[in-house]
Amino acid sequence: MDIRFRSRKLERACNEEASGQREWGQNRARKVGQRLMELRAAGNLLDLSRIPGTGFHPLRHDRQGQFAVSLGGNLRLVFLPLENPLPCLPDGSLDLENISGIKILEVVDYHGE
């Protein structure tokens, strides 16, 4: 999967162990690294959705169009598909098999919003 980042700071925190540990602590940084490996190994979002334990899910309301994977507790890795326009199936739902690029937006606990 093609992975891009919202900012250089986020990219460094996600890809450099020391930066990630400073940002989120050792355990969370390790989990972010694990999820990134899973994202890179997945060819598309359908593949990602089939990996057990990722907690992959689409977001709703003011985060419509975004997706997330679990990092433990309420912490999530939030991202957007890069495809524009988004590929859809005949029933109008997203064609996850044809979404092969994402932009990581943030690592966040959005549950209190």
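Select strand 3 (67-70) and then strand 4 (residues 76-81). Strand 3 and strand 4 run antiparallel to each other and are joined by four bridges. Strands here are DSSP runs of E with at least two residues, and helices are DSSP runs of H or I with at least four residues, numbered from the N terminus. Two strands count as paired if DSSP finds at least two bridges between them. Strands of a sheet pair through backbone hydrogen bonds, in a parallel or an antiparallel way.

Before going on, note that this is a predicted model, in which local features need pLDDT of at least 70, side-chain atom pairs count only at pLDDT 80 or more, and totals for chains, interfaces and linings use all residues. Residues are numbered from 1 along each chain as its sequence is written, and side-chain values use heavy atoms, with hydrogens and water left out.

**The hairpin**

Pick serine 70 and look across to strand 4: the bridge partner of serine 70 is arginine 76. The hairpin of strand 3 and strand 4 has five residues between the strands, and glycine 72 there takes a positive phi near 105°.

Now show the side chains of strand 3. Phe67 and Val69 point one way, Ala68 and Ser70 point the other way, and all are buried. Buried means under 20% relative accessible area, exposed means over 50%, and partly exposed lies in between (1.4 Å probe, protein chains only).

Next select leucine 75, in the loop between strand 3 and strand 4. Leucine 75 counts as buried because its relative accessibility is 17%. Leaving out residues up to four places away in sequence, leucine 75 touches Arg28, Val69, Ser70, Val107, Val108 and Asp109. A contact means heavy atoms within 4.5 Å. For a distance check, select leucine 48 as well: the two leucines, leucine 75 and leucine 48, are 27 residues apart in sequence and 18 Å apart in space, C-alpha to C-alpha.

Start at strand 2, which pairs with strand 3 in the antiparallel sense over two bridges. Proline 58 has phenylalanine 67 of strand 3 as its bridge partner. Then move to strand 4 and strand 5 (residues 101-108), which run antiparallel and are joined by six bridges. Arginine 76 has valine 108 of strand 5 as its bridge partner.

**Salt bridges**

Side chains of opposite charge can pair when their charged atoms come close. A salt bridge is counted when a side-chain nitrogen of Lys or Arg is within 4 Å of a carboxyl oxygen of Asp or Glu.

- Select arginine 63 and glutamate 106, which form a salt bridge with their closest N and O atoms 3.0 Å apart. Arginine 63 lies in the loop between strand 2 and strand 3 and glutamate 106 in strand 5, so the pair ties together parts 43 residues apart in sequence. Arginine 63 is buried at 10%, while glutamate 106 is partly exposed at 23%.
- Select arginine 35 and glutamate 38, whose side chains meet at 2.8 Å, N to O. These residues are three apart in helix 3 (residues 26-41), so about one helical turn separates them. Arginine 35 is buried at 5%, and glutamate 38 is buried at 15%.
- Select aspartate 2 and arginine 4, whose side chains meet at 3.0 Å, N to O. Aspartate 2 is partly exposed at 34%, and arginine 4 is partly exposed at 46%.
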